[in-house]
Amino acid sequence: MANYQPPQRKKSPYLPLGDQQGARFYGKDILSVKQFSRDDLDYIFGVAEEMREMVERIGTFDLLKGKILANLFYEPSTRTSSSFTSAMERLGGSVIPISEVRYSSVAKGESLPDTVRTLECYADVIVIRHPEVGASALAAKYARKPIINAGDGVGEHPTQALLDLFTIYSELGRLDGLTVTMLGDLKYGRTVHSLARLLTLFRVKINYVSPDILRMPQEIIHELKEQGVPQEEFDTLDPVIGQTDVLYVTRVQKERFENQDDYESVKGAFVITPEIMDKAREKMVLMHPLPRVGEISMEVDEDPRAAYFRQMEYGLYVRMALLAMVLGKA
Ligand code: NCD
């Protein structure tokens, strides 16, 4: 075996037969919403719609039979990790769950590049959530297999933004001409960072409502301004609730605060109640990436405009679509 050369594989070594648009994602990482065009979204939502029909008709099917996903979570997660697991298993694949990195070699001081180079020996795709901005991009630099960013600190959460947009489209039937109001922790909330960026592909107006210390980062406001997106900042919801088509509420990200007194000063700043919903449009969609910790009162749950539980289900179909696409089966 002295002359044995290990195969030097690159990402996307060959295109699968058939559809070229789907082929575009084959073997690719999903790191930021910046990598998607409007055409890509059309395609992803089309596949997600097919996934939804299949799940409703037969529940589980064999599209990714034999494929393995590694779910590597360095931060807590309920929805993202379990929806990726469910997505993979509904497609006939299986999952290596590493959600307690304390019990993996990470606890022995293993670096992220080494951890992903290990997991890709066993898995075909790796989903990563990590507290540092840029962690998934770093992992992708070292990995041959596709890396999917499931949240990198206060950076991005691209699959959440895709499912958020799919939710808006499914609930309202359009994405152009909408007024989207983001409320809560816009500084540390990565879901709103990704969603705001993804919305630049559409004709929308964005309102930001937050306490002063939790305003949308200037860098993102600037990016959107360059793309010509009309944006306005407010410290109360009242002036904009009546003109809002999508109200996107976020949790104050306690774990990101350096000073806990600052957290205490803003934690209950906004709570959506039935009285507030009375001022909202009849066809408004109320969304939240969840978990909620008091930002939306439970009395609002029965309101037909409350879409946050449906939003989780849309997420399953979008993640099924993304897995099928990066593994060359969509
Ligand atoms: C979000 C996250 O982790 O960024 N959760 C999620 O993925 N649905 C939002 C949050 O934690 O507040």
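The model is predicted. The protein chain splits into domain 1 (19–156 + 313–326) and domain 2 (158–311). Domain 1 is therefore written as two stretches of sequence under the domain assignment used. The centres of the two domains, taken over C-alpha atoms, are 25 Å apart.

**Where the domains meet**

Contact involves 34 residues of domain 1 and 29 residues of domain 2. Together the domains bury about 2600 Å² between them. Carbon and sulfur atoms account for 64% of that area. Three residues stand out on the domain 1 side: Arg 38, Phe 45 and Tyr 314 supply 27% of the area that domain 1 buries against domain 2, more than any other three residues.

Polar links cross the interface too. The rule finds 5 salt bridges between domain 1 and domain 2. Arg 38 forms a salt bridge with Asp 176, with the closest N and O atoms 2.7 Å apart. Between the domains, 15 residue pairs are in polar contact.

Which elements supply at least two residues each to the side of domain 1 that touches domain 2? They are α2 (38–58), α3 (79–90), β3 (125–130), β4 (147–152) and α12 (308–326). Of these, α12 gives the most, with 7 residues. By class, this side of domain 1 has 16 nonpolar, 8 polar and 10 charged residues.

**Around the ligand**

The residues around the ligand include Thr 80, Arg 129, His 157, Arg 190, Thr 191, Arg 251 and Gln 253. Gln 160, Pro 289, Leu 290 and Pro 291 are also among them.

| Residue | Atom type | Distance to a ligand nitrogen atom |
|---|---|---|
| Gln 160 | polar side-chain atom | 3.3 Å |
| Pro 289 | polar backbone atom | 2.9 Å |
| Leu 290 | polar backbone atom | 3.1 Å |

Leu 290 sits in the loop between β9 and α12. Pro 291 lies in the loop between β9 (285–287) and α12. Most residues other than glycine have a negative phi, and most peptide bonds are trans. What is the phi of Leu 290 near? Its value is near 65 degrees, which is positive in a residue other than glycine. The peptide bond from Leu 290 to Pro 291 is cis, with omega near 5 degrees. Both Leu 290 and Pro 291 are among the residues around the ligand.

Definitions and conventions. Residues numbered from 1 in each chain as written. Predicted model: local features only at pLDDT ≥ 70, side-chain atom pairs only at ≥ 80, totals over all residues. Heavy atoms only, no water. Contact = heavy atoms within 4.5 Å. Buried area = accessible area lost by both parts, 1.4 Å probe. Salt bridge = Lys/Arg side-chain N within 4 Å of Asp/Glu carboxyl O. Polar contact = N/O pair within 3.5 Å; in protein donor to acceptor, adjacent residues only side chain to side chain. Helix = DSSP H or I, 4+ residues; strand = E, 2+ residues; numbered from the N terminus. Nonpolar A, V, L, I, M, F, W, Y, C, P; charged D, E, K, R; others polar. Near = heavy atom within 4 Å.
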